[in-house]
Amino acid sequence: PRLGLEPNIVLFTCLVRAYHTASLDELILVYREMKDLQVAPNHVFAETYIVSLLQTDAKIGLPRDLDDLCDVLRDKPIERLQAAREALRDFKADGLKLTG
């Protein structure tokens, strides 16, 4: 690496957070690169990635109230919802638990 940085979960979490307003393709590319490099996700990455995919307010995160969450999800493009669903399946398979 040019900057002497080794890919790790902190680097990918920061990158995904910085890509909050990036295109869906760019976010998915970052996630795939992380998986290709065999960097294991943690709950902080998982939550940051989902918030970025759904482009919700990063300072607030996802609503904890189910009705509020349904309202947020109702307005999201299907492609972003599908990407979030796929990532959540991956996180579940990895045994990750989101904070609540």
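Trainee: Among contacts in the protein chain between residues at least 6 apart in sequence, what share joins residues at least 24 apart?
Mentor: This is a predicted model, where local features need pLDDT of at least 70, side-chain atom pairs count only at pLDDT 80 or more, and totals for chains, interfaces and linings use all residues. Residues are numbered from 1 along each chain as its sequence is written, and side-chain values use heavy atoms, with hydrogens and water left out. A contact means heavy atoms within 4.5 Å. Of the contacts between residues at least 6 apart, the share that joins residues at least 24 apart is 69%.

Trainee: What pattern does the protein chain follow along the sequence?
Mentor: Helices (H or I, at least four residues) and strands (E, at least two) are DSSP runs, numbered from the N terminus. The chain has 5 helices and 0 strands. Read along the sequence, the pattern is α-α-α-α-α.

Trainee: What percentage of the residues in the protein chain is buried?
Mentor: Buried means under 20% relative accessible area, exposed over 50%, and partly exposed in between (1.4 Å probe, protein chains only). The chain has 100 residues, and the buried share is 30%.

Trainee: Which residues of helix 1 are exposed on the face turned away from its buried side?
Mentor: Start with the buried residues of helix 1 (residues 9-18): Ile9, Phe12, Thr13 and Val16. They cover an arc of only 100° around the axis (directions from the axis to the C-beta atoms), so they sit on the same side of helix 1. An α-helix has 3.6 residues a turn, so residues three or four places apart point the same way. The face turned away carries the exposed residues Val10 and Ala18.

Trainee: Which helices do the buried residues of helix 1 pack against?
Mentor: Take threonine 13, which lies in helix 1 and is buried at 12% relative accessibility. Leaving out residues up to four places away in sequence, threonine 13 touches Val44, Phe45 and Thr48. Threonine 13 and threonine 48 are 35 residues apart in sequence, yet 6.8 Å apart in space, C-alpha to C-alpha. The buried residues of helix 1 pack against helix 2 (24-36) and helix 3.

Trainee: How many aromatic pairs does a search of the whole structure find?
Mentor: Rings of Phe, Tyr and Trp (its six-membered ring) pair if their centres lie within 6.5 Å; planes under 30 degrees apart count as stacked, over 60 as edge-to-face and the rest as tilted. The number of pairs found is 6.

Trainee: What is the angle between the planes of phenylalanine 45 and phenylalanine 91?
Mentor: Phenylalanine 45 lies in helix 3 (residues 43-54) and phenylalanine 91 in helix 5 (residues 78-93), so the pair ties together parts 46 residues apart in sequence. Phenylalanine 45 is buried at 0%, and phenylalanine 91 is buried at 2%. Their pair is edge-to-face, 6.3 Å centre to centre, and the angle between the planes is 90°.
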